[in-house]
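Please look through the structure below with the report beside it. The report begins with a pocket and then turns to helices and strands.

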Amino acid sequence: MLGPLGLDPDEERLYRCLVAGGGTLDELTARDPGPRTAELLAALVARGLAVAEPQGTYAAAPPAIALGALLRQQRDQLQAAELALLALAEEHRRTEAARGAGVVEVITDVDAVRHRFAQVQRAARHDVRSLVVPGLEVVPHKDNAAGDDGLRRGVRYRVIVDRASLAEPGLVQLAAASIAEGEEIRVIEKTPVKMIIADGQVAMLPLLSGRHTAAASVLVHASGLLDALIALFEELWEHAYPLWTDTAAELEPLDRRILTLLLAGLTDQAIAGQLDTSLRTVQRRIHALMLRAGAETRIQLGWHAARKGWA
């Protein structure tokens, strides 16, 4: 457990003996027999993890202080390594751009694609933009642990979803959970391509035309091509429909979700399936929303919802 702080298993075992109660060298050797006890004690004392007392006994230094110092040292080293990595990455980008190489990187192996997909997200520091197509196979929504980690780190995620994706089992529940974590999701009639863009520095999208769910992918690094992909995303985002927000406080959560999915183009049956409720409940609540809005048609309900900020 303490290996990441630089303790080997023998040192950790002896330190735990000291924490449980110190003693002389002979006493500690009896409790933790081994030829290296004296050597290990000396090492722990040198690192400030153990204290040699005047009576010839040894005691553990307080873990919160001794191990806390090691933890802070490790964090400082990791932060320094991260800054060095960013500097190297920027130098590499400038070098490659100067010689006109490295703009596009091709990856065909499935495992390598999955690894790079996660790597792109874990390297993101500010924002991730994503276009989602129906029927994802290489990294399904529920398996995108790197995306969950990014949200927890405070990375802004903006996702545009193909309307047909909302009919996939469990997708709406996953979307609701992601929105609760801070992800922004919008819907359009059809996403043109599967794509992810991290920090405006790298994009990942399919290698083959028309094979949106295939593994073979390309990485596009900073270039005019990447600028075009970013512009495409922003144009689609501007015209996409927000899935739902919590701003419509006057509506119950279920009504807000029903209304949002209705306006996104799902059928009543599909809405019922996604929200794990009955068709009758969906239709009854839509009718109640129409009465509340004074709307005679669902088109009028949509107009009223947009004007009132219901969805």
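## The second largest pocket

In this predicted model, the lining of the second largest pocket draws at least two residues from each of helix H5 (110-123), strand E5 (127-132), helix H6 (145-152), strand E6 (156-162), helix H7 (171-180), strand E8 (195-198) and strand E9 (202-206). Among these contributors, H7 gives the most, with five residues.

The pocket has a volume of about 650 Å³, and of the 36 residues that line it, the closest to its centre are Phe117, Val132, Leu136, His141 and Asn144. Sorted by class, the lining holds 24 nonpolar, seven polar and five charged residues.

## Two helices in contact

Helix H1 (residues 9-20) packs with helix H3 (residues 37-46) at an angle of about 80°, and their axes are 10 Å apart. Because angles of 65 to 115 degrees count as roughly perpendicular, H1 is described as roughly perpendicular to H3.

On the H1 side the contact is made by Asp10, Glu11, Leu14, Tyr15 and Leu18, while H3 contributes Thr37, Leu40, Leu41, Ala43 and Leu44. By class, this contact has seven nonpolar, one polar and two charged residues.

## An open sheet of three strands

Three strands form an open sheet in the order E1-E3-E2, with antiparallel pairing. Strand E1 (23-24) and strand E2 (50-52) each have a single partner strand and stand at the edges, so one side of each is left without a neighbour in the sheet.

E2 is joined by three bridges to strand E3 (residues 57-60), and the two run antiparallel; here alanine 50 stands opposite alanine 60 in E3. Helix H1 lies across E2 and E3, running at about 95° to E3.

Terms used:
Residues numbered from 1 in each chain as written. Predicted model: local features only at pLDDT ≥ 70, side-chain atom pairs only at ≥ 80, totals over all residues. Heavy atoms only, no water. Axes fitted to C-alpha atoms, helices over the stretch in contact; angles between N-to-C directions. Helix = DSSP H or I, 4+ residues; strand = E, 2+ residues; numbered from the N terminus. Parallel < 35°, antiparallel > 145°, perpendicular 65-115°, else oblique. Contact = heavy atoms within 4.5 Å. Nonpolar A, V, L, I, M, F, W, Y, C, P; charged D, E, K, R; others polar. Pairing = 2+ DSSP bridges. 1 Å grid on protein atoms, 1.4 Å probe; cavity = no way out; pocket = protein on both sides within 12 Å on 5 of 7 lines; lining within 4 Å. Points joined across faces, edges and corners; volume = space filled by probe spheres on them.
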